[in-house]
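Here is a short report on one protein chain. Look at the whole fold before turning to its parts.

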Amino acid sequence: MMHYLILFSRQGKLRLQKWYSAYPDKVKKKITRELVTTILARKPKMCAFLEYKDLKVVYKRYASLYFCCAIDQSDNELLCLEIIHRYVELLDKYFGSVCELDIIFNFEKAYFILDEFLLAGEVQETSKKQVLKAISAQDLLQEEETQQGFFEDNGLG
């Protein structure tokens, strides 16, 4: 089971975080700070797995973003790398070659994609097509609500 997923930039700026296990805010900040510092200090050729407390941390860098997951000691690291890669593929499909700015300015979409893909730290849907279909349906619903609000605000609805 995945305990948390953290996205951060090469400069150490936190871009996205999803916690699947309960931690106090103070502990979350400490974990995030320690992991970001540790991972950024590692050389590019070093292994993408490390042990942190009683968990295994798996990370992968895509362009200027690091995707970092914490999993149980007994979980498969390669499967976790595959989950990270699938999430990046979903972001790429949705944003068309995702970049850090897409995550910054559309963080709610990045969270929504993650929530459609993972549920409680486990893969919910393996099909990229199904995840993207759900996201498109949500976008359509959001667009309809926005239009309805516009008409009501202007006395046209």
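## The chain as a whole

What percentage of the 157 residues of the protein chain count as buried? The figure is 35%. Keep in mind that this is a predicted model.

The secondary structure comes to five helices and seven strands. Read along the sequence, they follow the pattern β-β-α-β-β-β-α-α-α-β-β-α. The C-alpha atoms fill a box of roughly 60 × 30 × 30 Å, taken along the principal axes.

The accessible surface of the chain comes to about 9,400 Å². Carbon and sulfur atoms account for 54% of that surface.

## The five-stranded sheet

Strands of a sheet pair through backbone hydrogen bonds, in either a parallel or an antiparallel way. Here, five strands form an open sheet with antiparallel pairing. Their order is β2-β1-β5-β4-β3. Strands β2 (14-19) and β3 (49-52) stand at the edges. Each has a single partner strand, so one side of each is left without a neighbour in the sheet. On average, neighbouring strands are turned by 20° against each other, direction ignored.

Strand β1 covers residues 2-9, and strand β5 covers residues 65-72. The two pair in the antiparallel sense over seven bridges.

Helix α1 (residues 25-41) lies across β1, β2, β3, β4 (55-62) and β5. The helix runs at about 60° to β1. Helix α2 (residues 77-95) also packs on the sheet. This helix touches β1, β2, β3, β4 and β5. The direction of α2 makes about 35° with that of β4.

## The two sides of α1

Helix α1 has 17 residues. From its first C-alpha to its last, α1 reaches 24 Å. That is close to the 24 Å expected at 1.5 Å a residue.

Which residues of α1 are buried? They are I31, T32, L35, V36 and I39. Seen down the helix axis, the buried residues fall within an arc of 125°, so they line one face of α1. What covers them includes β1, β2, β3, β4 and β5. On the other side of the helix, K26, K29, R33, T37 and A41 are exposed.

Technical notes. Residues numbered from 1 in each chain as written. Predicted model: local features only at pLDDT ≥ 70, side-chain atom pairs only at ≥ 80, totals over all residues. Heavy atoms only, no water. Pairing = 2+ DSSP bridges. Helix = DSSP H or I, 4+ residues; strand = E, 2+ residues; numbered from the N terminus. Axes fitted to C-alpha atoms, helices over the stretch in contact; angles between N-to-C directions. Contact = heavy atoms within 4.5 Å. Expected span 1.5 Å × (residues − 1). Buried < 20%, exposed > 50% of the residue type's maximum accessible area, 1.4 Å probe, protein only. Arc of directions from axis to C-beta. Areas by Shrake-Rupley, 256 points an atom, 1.4 Å probe, with all protein chains shown as cover.
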